[in-house]
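We will go from the whole chain down to a single pair of residues.

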Amino acid sequence: MKIATWNVNSLSVRLPQVLAWLDANPVDALCLQELKLTDDKFPHGAFREVGYEAEAFGQKTYNGVAIVSRKPVRDVARNIAGFQDDQSRVLAATLDTPAGPLRLINGYFVNGQEPGSEKFAYKMRWLQALQDMVRAELQAHPQLVLVGDFNVAPEDRDSYDPEGLRGTIHHTDEERAHFRALLQLGLTDAFRLFEQPEKTYSWWDYRMLGFQKNRGLRIDHILVSDAVRGCVAACTIDRAPRKNPQPSDHAPVVVSLSGVWA
């Protein structure tokens, strides 16, 4: 079984690339972020034509998340219960699998803009609320996977310039503390379960030849619960779509689950 996450930075623009990627990489579930379209504009028909169903939680111009899956999902929840938010950032659903129900949470985490700003304060509140949500979800669903664009580079090795960018957005102690708090709930960074090439990133700035010079960050993550961790066979970042004409600035991250999940 394979689950992927990809910030597509406008599904309207990137839909042909997403469909082509699914054709070459037939994952069981693909979690998308930054749809930048409303639910009535979501291309359900295009995904059905290639064998996928979708649940979407969109928003005009900004944000938006979706879960595209081979089989319909159930028990869908939108955003964080009890946290007042007018931005479409979280979509959770249950996938029925041969190994039992798997709870999948797809998040487009708050960027935060810069430390000290109101947007950064919103990010801190949002991250705390997400922790509370994940804690409750884990109690109800031991088999859980949390994916998305976290907008956090959790360690120095997840940044092309850890010293020069120390204390800036994605690199602050506060953001990294929230990432560690998620792990302490009983989650594991699937990517770090394996030896990985140095300077492996999931996002590169469009400007200043960011991709060509590999000036990137690893900010797209897949966290698995303890009940799933033993079945993680691989976790990789697919750089190929970043080479497309008019690409997203993010690359897909894919986790493979083996054993009872095969």
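Here is a short tour, one selection at a time.

This is a predicted model, in which local features need pLDDT of at least 70 and side-chain atom pairs count only at pLDDT 80 or more, while totals for chains, interfaces and linings use all residues. Residues are numbered from 1 along each chain as its sequence is written, and side-chain values use heavy atoms, with hydrogens and water left out.

**Whole chain.** Show the C-alpha trace: along its principal axes, the trace spans about 45 × 40 × 40 Å. Now colour by burial: 56% of the 262 residues are buried, meaning under 20% relative accessible area with a 1.4 Å probe, protein chains only.

**Cartoon view.** Switch to cartoon and you can look for five helices and 14 strands. These are DSSP runs numbered from the N terminus: H or I of at least four residues for helices, E of at least two for strands.

**The open sheet.** Next, select six strands and follow them in the order β3-β4-β2-β1-β14-β13, an open sheet with mixed pairing. Two strands pair if DSSP finds at least two bridges between them. Which strands stand at the edges? They are β3 (53-57) and β13 (232-237); each has a single partner strand, so one side of each is left without a neighbour in the sheet.

**A parallel pair.** Zoom in on β1 (residues 2-7) and β2 (residues 29-33), which run parallel and are joined by five bridges. Finally, click Thr 5, then find its bridge partner in β2, Cys 31.

Methods. Buried < 20%, exposed > 50% of the residue type's maximum accessible area, 1.4 Å probe, protein only.
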